[in-house]
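Come along and keep the view open while I jot down what I look up.

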Amino acid sequence: MNLTFNSKNLQMYSIKYCAIIIIIYLAASITNVYSQNNEAYGPKNFKDRLNSELTNNFHLSDQSDIQSRDYLVFSTSESFELLFRIEFNDSTNSLILDYYNNIITNRDALETIFQITNLDLINNVETTSIDLFTIQPLLHSYFSIGSNDSNELILKDRATIEFDANEVPSFLAFEDDSGYLKAAEQYVYNSTVQLYVKNPDWVSKWVKHMDSSLSLTLDKNLATTVKYSNAYNTFDLRLETGSDFNPKSITWQTNPFAQYPTNTSSYYQHAFSTDQFSNDIDVFYKQQFRENAESEQNAIEYLDSIEKFLIQNGEKLRYQKEYYLSFRERLLQSTISSSDIYNAELDQHTVSEVYFTMAYDSEGNYHPFMVIATYNISEGPNFLIDVARPPGDGSTNSYETQSITRNATLATHLMKIPLKDYGLVDQFSDNDLSEFGTLASDVGISVDQSDEYSYASLRDMGVAIDGVKIYPSYNNTLNFASAAGEISITGIHVGRGMDLHYHADGHAYNGNGLNLYNAVDYDGRTHAPMIGFSYDGILLFGRYENESLEGFNETLDTFGGHQHGDYAYHYHAFSSEKEIVDTRTNQITGSFMHHHLFVGAFKGNIASIPGLLETNTSQVKSAELAKYVGGDGTYIPIPLNNDVELLIIDFSLEQNYPNPFNPSTQIKYALSEATQVTLEVFNSVGQKVMELVNTQKPAGYHTATFDASGLSSGVYLYKLTTPLFAETKKMLLIK
Ligand SMILES: [Zn+2]
Ligand SMILES: [Zn+2]
């Protein structure tokens, strides 16, 4: 079997590496080590973040001048002690409007934040008044405050028109009536015209707080004063014009919103929620379905077999197994805590299944994959309403006459992450994308005029650890999506098919705790969290948050990736300064920071990956691709050579290489079990000059890099210490 590396260097490297990895595999009969590895970790999921303690200040102050799309906290008391709040009621399985004054967790704070929107903007309902607004909970943008027959204020589900026959959707339009909140109009959904229609019989009422309820009264004298505070002191929710995510200050587009999708199946009818998808998958692979101890064990064992088989054939997995297993586990933990997807249900998974497959192509080459069956939805709020210039719905040729996409729906994708190390390319153009078209070719630019940003597929190029697609940094007119004002504060937007996807790293933009990954994820870690996988099989980690992280000094290449220590080549999110160009004059008018998730070009060699970029579920029926996604009847037992003897690796510390060295050298060591490890460097008089490793490490071989740039020539000692083993060796720095 051939190794498909393009450069000689890489080939030599990989052959050397293969020899080592055989031993690693044989030692890897220890299962579950992946969960002990400090570095193979994903970000905290949104639900856990909601339930963790609020670290920002919960600071409220009077705000009299309110504007559409402001995020506000409402209070019925002068001192902001009684706040409007939404809660999920487990017994009634519904959202209720309540009041609350005890803020401990992120959830407590976020449940008191509401967005107000001008009636015109959100409903396309004709009204000339700019004073009328609707009130939506931040965490549940598809709900609005309405009322019931008993005049209680309640949350009304404005969006799921098709799914709930029992409830007539409606909402209230409020105005600020000199300190009182007046429900001036009511809009009721009319299924005949499929629009919200003003209720002609509605009589103005005012909000009243009494005992433990919020209600409406016809008598203004009985009303309660309502105060507003902006929420920005607690969470940075604003997408400011002139900011990194809208550097050209593109104005908020007033095109009508694309209509809520019609004839969309509900979550309960969705292919991934019913047996529809499951019936198409081979019974063998289905043993890895759903997150439970048994399926996890099946996934681990099958991945072990894949690795063993690759080694038998002189090939290898690109990363240690723990990275795939940890990624799988985190994908399966992701559930939604925010009603921000049209036909989703609270608490549903964002990813249905993650399983490993392996099949051979017509030439007898094996291709193992991690298959991700995803709904392509995020866990938290998407802030789509705040995007300045979202993509049009494509209904006409001109943006001005199109509706724009501010609604996200459940999708159905089957993504394949190649597990085998297919090698890397040197130049972006070494990968042939002609079959798919590139962003550059789409606007008539040739390959030799392209760069890593423009030489990107027109389609999604990877998947985030919440199961949502990632597109390159550029949009399809070769503009950075952020510079075009197209994305939300979380780096996301919806395309024409109403599918969500990331274009940028919202974490770096505002670090407000509501992003794909957040500052809290770095606590006690030595490398950034895993946040995605590219379809070329390369892992994506979060940005370098501080210089103490491993690999900080290893510059990212033009693909946005690098290699250091134990880590095979991987991508990182990063920020870089880009020019603002005036599209009319072609003049550079300034610069901004673009926060990249993916540059665009593939660094992984994609030449022999079957079904690259194909994410449609029709793959399970495809004569060519069904076997790679585990289609029914496609499983073939992996022909393992059972005569291979299991070797046990010992603790050891190898001589550094090169030695003597200037200025850096590599130190390899082996661990027979997962353990706490320190690797320290001392000078010749025994003073510690550097700590290279101080963390939990999995069993296997590891490499640390010692960079002695700031040190003078001489003999140095390096010492490896674990609770069961210690050894010291000498090395020589000659400058
Ligand atoms: Zn896009
Ligand atoms: Zn790194």
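**Notes on cores and strands**

I began with Met370: leaving out residues up to four places away in sequence, I found it touching Tyr324, Arg328, Val354, Phe356, Ile417 and Leu419. A reminder to myself before going on: this is a predicted model.

Next I looked up the largest nonpolar core, which has 159 residues. Met370 is among the residues with the most contacts inside this core, and so are Ile372, Ile377, Met530, Ile531, Leu539 and Leu540. Helix H6, residues 293-312, gives the most to this core, with seven residues. I also checked the domains: at least three residues of this core come from domain 1 (8-46 + 242-247 + 280-629), and at least three from domain 2 (57-230).

**Phe541**

Is Phe541 buried or exposed? I took 20 or more other C-beta atoms within 10 Å as the cut-off for buried. Phe541 has 21 of them within 10 Å, so I noted it as buried. I found Phe541 in strand E22, residues 539-541.

Which residues does Phe541 touch, not counting those up to four places away in sequence? I listed His527, Ala528, Pro529, Met530 and Ile531, then His570, Tyr571 and His572. I also looked at Tyr41, which is 500 residues apart from Phe541 along the chain. The C-alpha atoms of this pair are separated by 9.8 Å.

**The sheet around E22**

Strand E22 belongs to an open sheet of eight strands with mixed pairing. I read the order as E19-E20-E18-E17-E21-E22-E24-E23. The edge strands are E19 (492-494) and E23 (561-564), each pairing on one side only.

I followed E19 to its partner, strand E20 (residues 500-502): the two run antiparallel and are joined by three bridges. Within this pair, His493 stands opposite His501 of E20.

**Further along the chain**

My last stop was strand E28, residues 664-671. It pairs with strand E27 (residues 652-653) in the antiparallel sense, over two bridges. Here I saw Ser652 standing opposite Ala670 in E28.

How many bridges join E28 to strand E31? I noted eight, and E31 (residues 700-707) runs antiparallel to E28. One bridge links Thr665 with Phe706 in E31.

Definitions and conventions:
Residues are numbered from 1 along each chain as its sequence is written. Chains are lettered from A and ligands numbered from 1 in the order in which they are written. This is a predicted model: local features need pLDDT of at least 70, side-chain atom pairs count only at pLDDT 80 or more; totals for chains, interfaces and linings use all residues. A nonpolar core is a set of buried Ala, Val, Leu, Ile, Met, Phe, Trp, Tyr and Cys residues joined through C-beta atoms within 7 Å. A residue is buried if 20 or more other C-beta atoms lie within 10 Å of its own, exposed if 12 or fewer, and partly exposed in between; C-beta atoms are placed from the backbone. Helices (H or I, at least four residues) and strands (E, at least two) are DSSP runs, numbered from the N terminus. Domain bounds come from an automatic or database domain assignment. Two residues are in contact if their C-beta atoms, placed from the backbone, lie within 7 Å. Two strands pair if DSSP finds at least two bridges between them.
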